[in-house]
Amino acid sequence: MPVSDPHFPAAHLRPPVNWINDPNGLVFHDGHYHVYFQYNPHSARHADMHWGHFRSPDLLRWELLPVALVPTPGGDDEGGVWSGNAVSTDGGLIAFYSAKRDDRWWQPVASAVSHDGGLTFAKHPGLLVPQPAEGTSMFRDPYVWRDGDRWRMLVGAGLADGRGAAQQYLSDDLEHWEYAGPFLARAPEPLPGGADTEEGWECVQYADFGDGRGVLLLSAWDPQGGASHSAAYPGRDHGLHFAADAPQRLDHGPEFYAPALLHAPDGRWLMWGWVWEARDAVQVGAPSTWTDEVGWAGMLSLPREVTLGPDGSVRQRPARELDALRGRPALRAKGQVTADAPDTLGVTGRSFDLTARLHRGAAGGAAAGLRLVTSPDGSEYLDLALDAATGELVVDRAHASGEPRARGGSWRIPRTTEPGGFAELRVIVDRSIAEIFLGTGESLTLRFYPLGEEPWRLQARATGPGTTEFEAQVWQLNPLGIQDRSDRRGGPA
Ligand code: FRU
């Protein structure tokens with residue numbers, strides 16, 4: 001691992017070098033959580049995608065294993081083994097993926113089976129869904145699940161009439177699939193906080209919450225701008241179609257995409273997303289000199305638990321297993337703060353887990369915020385603050401890196417404060433990523449690239465007139481135990 005690189009994460013999954021993107025094939029099989037991922041073994045750019053492989057018995061101790069799926073020269077996937085999922089069956093672990101070739105615009109559905117616990121796969125000859133239905137303009141990323149005595153598959157799509165869609169296929173045997181029409185197809189719809197659901201949907205996923213209730217996840221693909229953001233439609237499953245409620249933005253930050261689901265043995269829905277870089281390339285996947293210099297790009301988010309709130313909202317929180325990564329307490333503080341007297345609460349390392357309560361006073365009054373100061377002279381900092389006017393949580397990285405190539409900008413979570421005017425926050429910072437979770441179940445993920453050495457300092461601040469209240473507690477975040485066994489030949493030890 002390039003541990004000397006101050007921006008390389010300690011508690012997030014990614015291999016030591018090269019490019020990664022989407023989590024793939026998330027499944028509990030043979031006593032392990034398996035996390036496959038889009039991986040280019042040759043460089044830090046998006047090309048020639050393989051499926052890399054992590055597995056863990058407990059979400060804390062991980063092994064990086066040899067690459068599991070490789071493009072076949074001259075074959076249906078010679079241009080890349082693109083995204084998909086996996087199901088655990090009596091006949092082994094079966095992966096479904098998008099077969100990429102440069103001479104066609106769609107990526108048909110292919111499959112492969114593993115009889116050694118998910119380490120190695122044999123590809124099924126031919127394609128399961130060779131081409132999309134008529135009227136489709138984009139097609140990739142199968143998601144297969146069992147529903148009673150049949151198998152269902154959704155495939156991400158765009159339709160020629162400008163709607164994004166999840167196309168559905170049905171099967172009795174996982175080999176023969178029949179087209180069943182769009183499970184859901186929608187013209188772009190606005191999302192809270194701006195942006196919309198776009199004209200193409202990648203990486204569609206479905207979480208069944210019982211009694212016909214479910215959540216359809218999609219990653220909004222803009223035909224001009226490419227990968228954008230992810231969204232969720234809660235709704236009701238009627239088998240052949242999905243009666244969707246209003247869509248929600250899944251994460252309010254700029255760098256959370258292609259989230260995928262894992263149905264844990266205890267019934268929880270876990271989700272990982274791809275968190276890309278915010279270095280100098282403006283477009284995702286475009287060449288970046290800074291990324292080429294460091295030799296790695298992208299990481300997976302922390303695993304998150306996804307639930308449906310009583311109000312029908314899709315909620316997230318870090319998987320409870322991650323509480324075990326909390327190490328030494330770094331600071332604990334509670335008090336009042338005014339705009340002209342920021343209060344330095346204590347110091348942190350580069351990876352930490354923070355909980356906070358921030359207060360937004362009466363209308364026209366002060367609202368609390370936190371500033372993570374990462375350079376001794378205070379010029380480099382990341383701000384998290386309630387907006388005194390709207391009560392939204394604003395995350396501002398305009399000053400978060402002394403490196404001019406790092407992207408700036410600010411983002412906000414709408415509907416932040418709870419009754420009483422408090423916002424409950426959990427923030428997990430890991431060297432160049434911050435994942436922010438609100439008590440209301442919303443999240444905001446972003447990258448930032450501090451150049452300052454640790455210790456970093458945490459300050460409480462306020463905006464607006466008068467005083468306001470805050471509480472904060474910080475623990476050091478211990479690294480994940482990752483054993484690199486990626487060069488191992490043959491079966492498991
Ligand atoms: C989403 C995505 C998928 C595709 C894969 C290719 O980020 O574009 O639609 O299968 O990445 O790497």
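The largest share of the lining of the second largest cavity comes from S28, which gives 3 residues. Before I go on, note that this is a predicted model.

S28 spans 367-373, and it is one of several strands that each put at least two residues into that lining. The others are S27 (351-359), S29 (381-386) and S32 (422-430). As for volume, the second largest cavity holds about 70 Å³ of space. The structure has 4 cavities of 30 Å³ or more.

What is the lining made of, by class? The count is 9 nonpolar, no polar and 1 charged. The lining residues include Phe-352, Leu-354, Leu-370, Leu-372, Val-427 and Leu-458. Arg-371 is also on the list, and arginine is in the charged class.

Now the ligand. There are 13 residues around the ligand, and those that come nearest are Asp-22, Gln-38, His-46, Arg-140 and Asp-141. By class, this shell has 5 nonpolar, 4 polar and 4 charged residues. Strands S1 (18-29), S10 (136-147) and S14 (200-208) each contribute at least two residues to the shell.

From Asp-22, a polar side-chain atom sits 2.7 Å away. From His-46, an N or O atom of the side chain is at 2.8 Å. On its own the ligand has 320 Å² of accessible area, and the protein covers 95% of that.

How values were computed. Residues are numbered from 1 along each chain as its sequence is written. This is a predicted model: local features need pLDDT of at least 70, side-chain atom pairs count only at pLDDT 80 or more; totals for chains, interfaces and linings use all residues. Side-chain values use heavy atoms; hydrogens and water are left out. A residue is near a molecule or strand if one of its heavy atoms lies within 4 Å of it. A polar contact is a pair of N or O atoms within 3.5 Å; within protein, one must be able to donate a hydrogen and the other to accept it, and residues adjacent in sequence count only if both atoms are side-chain atoms. Accessible areas come from the Shrake-Rupley method with a 1.4 Å probe; for residues, only the protein chains shown count as cover. Helices (H or I, at least four residues) and strands (E, at least two) are DSSP runs, numbered from the N terminus. On a 1 Å grid over the protein atoms alone, a cavity is a set of points where a 1.4 Å probe fits but cannot get out, and a pocket is an open set with protein on both sides within 12 Å along at least five of seven lines; lining residues have an atom within 4 Å of a point. Grid points are joined across faces, edges and corners, and a volume is the space filled by probe spheres set on the points.
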